[in-house]
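Good morning, everyone, and thank you for having me. Please take a moment to look at the sequence and the structure on the screen, and then I will walk you through a few of the contacts and one of the helices.

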Amino acid sequence: MTPWNAIKAIAFDVDGVMTDGSLLAMDHSEFVRVFNAKDSFALRMAAMNGYLLAVFTGGDTEGVHTRMLTAGLSEENIFMHCRGKLQTFLKWCEDRGIDPSDVLYIGDDIPDVQVVQAAGIGAAPADAAPEVLDVADYVCNVPGGRGCIREVVEKVMRSQEKWVFSPDMYERIF
């Protein structure tokens with residue numbers, strides 16, 4: 001496992017990580033998901049501090065895409081309808097000149113297992129599938145959708161003394 005203070009990038013899944021995995025089916029529209037604002041705040045803080053952020057999700061909805069953009073991810077680091085997450089993750093690392101060992105990845109279900117294993121720190125929400133919990137380097141204290149992204153981002157940034165705030169920073173974050 002890579003030390004927390006050596007992490008340069010943070011990557012994650014959406015359903016079951018940024019959300020609790022629930023999907024609300026609406027008539028004639030995409031599924032509705034609920035995101036935790038503290039997770040999004042942490043991602044914006046990470047982006048402001050120069051961390052590379054990426055999402056690898058099997059979902060493919062405009063709502064999720066928009067949420068990732070507002071959370072601080074750039075268009076080229078949003079991978080929707082992602083099948084074969086490991087191959088996509090490794091190509092993303094190669095294209096950006098980053099070693100997989102410099103990445104923290106958090107995922108919650110079987111499609112995430114290989115990426116959790118390949119990353120420098122593989123993390124899982126407290127309620128992840130047993131297969132993910134078995135291979136994770138770090139298991140969060142909270143379940144998916146309840147601040148697990150915030151937990152790992154804050155842990156990385158604190159280890160690098162970057163989780164700091166000034167009185168005027170609030171205006172720059174939002």
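Let me begin with a term that we need: a salt bridge here is a side-chain nitrogen of Lys or Arg within 4 Å of a carboxyl oxygen of Asp or Glu. The idea behind the term is that side chains of opposite charge can pair when their charged atoms come close. Please keep in mind that what you are looking at is a predicted model. By this rule, the count in the model comes to seven salt bridges.

In the pair of Lys85 and Asp112, the closest N and O atoms are 2.8 Å apart. Because Asp112 lies in the loop between strand 4 and helix 4, and Lys85 in helix 3, this pair ties together parts that are 27 residues apart in sequence.

Are these residues buried or exposed? Both Lys85 and Asp13 are buried, with Lys85 at 7% relative accessibility, and Asp112 counts as buried as well, at 1%.

Another salt bridge joins the side chains of Lys8 and Asp102, at 3.6 Å from N to O. Lys8 lies in the segment before strand 1 and Asp102 in the loop between helix 3 and strand 4, so the pair ties together parts that are 94 residues apart in sequence. Here Lys8 is partly exposed, with a relative accessible area of 49%, whereas Asp102, at 16%, counts as buried.

Let me now turn to helix 2, which covers residues 62-70 and whose buried residues are Val64, His65 and Met68. Why do they lie on the same side of helix 2? They do so because they cover an arc of only 100 degrees around the axis. The buried residues of helix 2 pack against strand 1, strand 2 and strand 3. Finally, just after helix 2, Gly72 takes a positive phi of about 110 degrees.

Terms used. Residues are numbered from 1 along each chain as its sequence is written. This is a predicted model: local features need pLDDT of at least 70, side-chain atom pairs count only at pLDDT 80 or more; totals for chains, interfaces and linings use all residues. Side-chain values use heavy atoms; hydrogens and water are left out. Buried means under 20% relative accessible area, exposed over 50%, partly exposed in between (1.4 Å probe, protein chains only). Helices (H or I, at least four residues) and strands (E, at least two) are DSSP runs, numbered from the N terminus. The arc is that of the directions from the helix axis to the C-beta atoms. Contact means heavy atoms within 4.5 Å.
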